[in-house]
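Have the viewer open and follow along.

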Number of protein chains: 2
Amino acid sequence: MDSLDLIKSLSVANNTKMVLLVLDGLGGLSLEAGGKTELETANTPNLDLLAESAALGMTDPIMSGITAGSGPAHLALFGYDPIKYAIGRGALGAAGIGFDMQEDDLAARINFATADNNGLITDRRAGRITTDESSKLCELLDKTEISGIKIFVKPVKEHRAVVIFRGSGLSDKLSDSDPQKIGVKSKEVVALNECAKDTAVLMNKFIHKAQNILADKHPANTILLRGFAKKPGLPQMKDVYKLNSAAIAAYPMYKGLARFVGMEILQTGPTIREEFETLKTSFNKYDFFFVHVKATDSSGEDGDFNRKVKVIEEVDKNLALITGLKPDVLVVAGDHSTPASLKSHSWHPVPFLLHSKYCRFDNAKHFGERYCSKGTLGRFPALDIMPLMLANSLRLTKYGA
Amino acid sequence: MDSLDLIKSLSVANNTKMVLLVLDGLGGLSLEAGGKTELETANTPNLDLLAESAALGMTDPIMSGITAGSGPAHLALFGYDPIKYAIGRGALGAAGIGFDMQEDDLAARINFATADNNGLITDRRAGRITTDESSKLCELLDKTEISGIKIFVKPVKEHRAVVIFRGSGLSDKLSDSDPQKIGVKSKEVVALNECAKDTAVLMNKFIHKAQNILADKHPANTILLRGFAKKPGLPQMKDVYKLNSAAIAAYPMYKGLARFVGMEILQTGPTIREEFETLKTSFNKYDFFFVHVKATDSSGEDGDFNRKVKVIEEVDKNLALITGLKPDVLVVAGDHSTPASLKSHSWHPVPFLLHSKYCRFDNAKHFGERYCSKGTLGRFPALDIMPLMLANSLRLTKYGA
């Protein structure tokens, strides 16, 4: 029995409202020894006021020392063990562009690449062609059909694209065609079990067809496929938690991840204010809201400490839109850290705040890494956030007599 | 290998003495935001003095967000994974009334219930008859025999009772007769595997016999059975920890739980002072003492903040009876939180204190939730308490060379 089974056996429905506000890449680092992180630097009177009557802690997205990608990090936030419930890269890629995968769809990642006259790969990224160029190439391959299988090819960024095959009986037990090095030919896709043989034949047909279509499109004259994956069969939040849940996210990837666990995806504008307004207008219709703010992460990835500070301050300025709704449980969390000084995701534990009338109070003066590290919730796995939110909304019955 | 196997492979006997003082439902909540919990409110000069030279922390009984019942919570305190070693409800019920189950006994919970002339259940609790009334009904059913199987029927509280079947070859792989709703007949008990078939026949015979005996006892004219369970085959503390262990508890449930893991049950009076006196008089005879104080929990369940405070103060006043014995390891812990404001068990982590000459010192000013949250032991699973106690009594050898 994993923790999700346990939660499922204990969860009950009621009329409470919960908001999980995720500031992507929230955790940070100071620029110099002993200095302040992005969150500590930000002027956040509203978050600070909330922290005063909240329980604080630090979460580990996966485990100590592990830097989480967006997929596993969000699975953990939603209460799904990110080691057990891995989402295949193809399916994550499809989610990332907002493609709504069907039950039988098979997805894979595409790299546009360069091959020489002998078919040897000379550049696995086709000179990093622009997204515009790759979009045009995708159109050439999109909406074709092979042996009754419909094929969708959609651009991601630069040389990267996604392909989705729609038909019945497709298997994802397939090896990659991407050789992961240059100076060799792309590999044949090989079936990893008996049932996948037909699909492998089909994949190789598609690759050869694509090579013909792209023959004169040097440097993008071939494609490499990897990460074949079907839609992950994740337990649904409605069944496990007995929750009507909704996602408010501007970026396709996060909508896709939320869709995988059965959340309703709400239409929203791209700004923080618009996202929070969407929460307000739909607050009566759902029990649980996942609200996703992307710019904390993207500014961190860009190495822009000051911009990350400003994004956090913008969240703070608009916070009353959420607190004014008086949700029974409000959590402010991050999926992982993205310190501007590292220009990337990192392994550092992430500041966490939970406000409910049943939490213990930290009387903290400020919402930031230092206060959260000394918080009453201690340091705990992000996987525990959902059980904690459910407990604080009195949605979990007692385990054992 | 689970943690118990590891501990078993490392544990050795020596002459140290350990006391695990469990204040049931110890953890609490403040009545208003930022206020003090029951434990923080209590005037506890002796516990505070102990805290000054002890290591503090916060324990999770089961896992984050999960509210523990007494059974699983105590298994965790005794070092047994409460998810792996579930005690069947029937067996827990028998433990709860202090019934000493034998190896082959089969136990189940009984609800006295009301059926109409067509045998349809109209009230699953027989109008919540008094414990006195149900005691008389139990006597009618007690000490009967069917096909050579001895039957014990004992009252619990109001409409609830326990039945224990004594004979050989009884199986607990049985479905409940309790339909869990009204307007339907009670269910036949069904064997869940081949070996349980004879037992199922026997159970249905017992139910029909009981219905005949109770026919004119409206509203308690039938019984519903659930939670069939044999005595849990738990590893014994003597084998796993090499400990001569004893339990000092006034309430039957906790004696029963201690008996399941092989503790000796010591005779004691019901007051805190009498329990602590019992420890004193038997201190030379055992290595490990589980001392259980119930009133912290019952006052919390009653929603009586002030009484819970007073119970804690009474423990404090009598603490010298324990500390005067100078046990090598003294732990003050709770099995779960029972905040008066919630009038029930809750999921909140529980204050923890360990005193030994080998612990790190927190120099805390007070034993309470805030100090424990910032303690040197951090927040950790209650399952780790026994290994920690054994380590501090130098009873665990090194793992690996």
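## A strand between two partners

Let's begin with a residue pair: Leu21(B) has Val291(B) as its bridge partner in S11(B). That strand covers residues 288-293 of chain B and runs parallel to S1(B), with six bridges joining the two. Strands here are DSSP E runs of at least two residues, helices are H or I runs of at least four, and both are numbered from the N terminus. Two strands count as paired if DSSP finds at least two bridges between them.

S1(B) also pairs in the parallel sense with strand S12 (residues 329-333) of chain B, over five bridges. There, Leu20(B) stands opposite Val331(B).

## Covered on both faces

In a regular strand, side chains alternate between the two faces of the sheet. For S1(B), one side carries Met18(B), Leu20(B) and Val22(B), the other Val19(B), Leu21(B) and Leu23(B), and all are buried. Buried means under 20% relative accessible area, exposed means over 50%, and partly exposed lies in between, using a 1.4 Å probe and the protein chains only.

## How the model is read

This is a predicted model: local features need pLDDT of at least 70 and side-chain atom pairs pLDDT 80 or more, while totals for chains, interfaces and linings use all residues. Residues are numbered from 1 along each chain as its sequence is written, chains are lettered from A and ligands numbered from 1 in the order in which they are written, and side-chain values use heavy atoms, without hydrogens or water.

## Chain A as a whole

Chain A holds 15 helices and 14 strands. Its C-alpha trace spans about 70 × 50 × 35 Å along the principal axes. Of the 401 residues in chain A, 57% are buried.

## A covered helix in chain A

Which residues of H4(A) are buried? They are Ser70(A), Gly71(A), Ala73(A), His74(A), Leu75(A), Ala76(A) and Leu77(A), making seven of the eight residues in this helix (residues 70-77). Their cover includes strands S1 (18-23) and S11 (288-293) of chain A, along with helices H5 (89-96), H9 (252-260) and H15 (385-392). After H4(A) comes Gly79(A), with a positive phi near 90°.

Key
Contact = heavy atoms within 4.5 Å.
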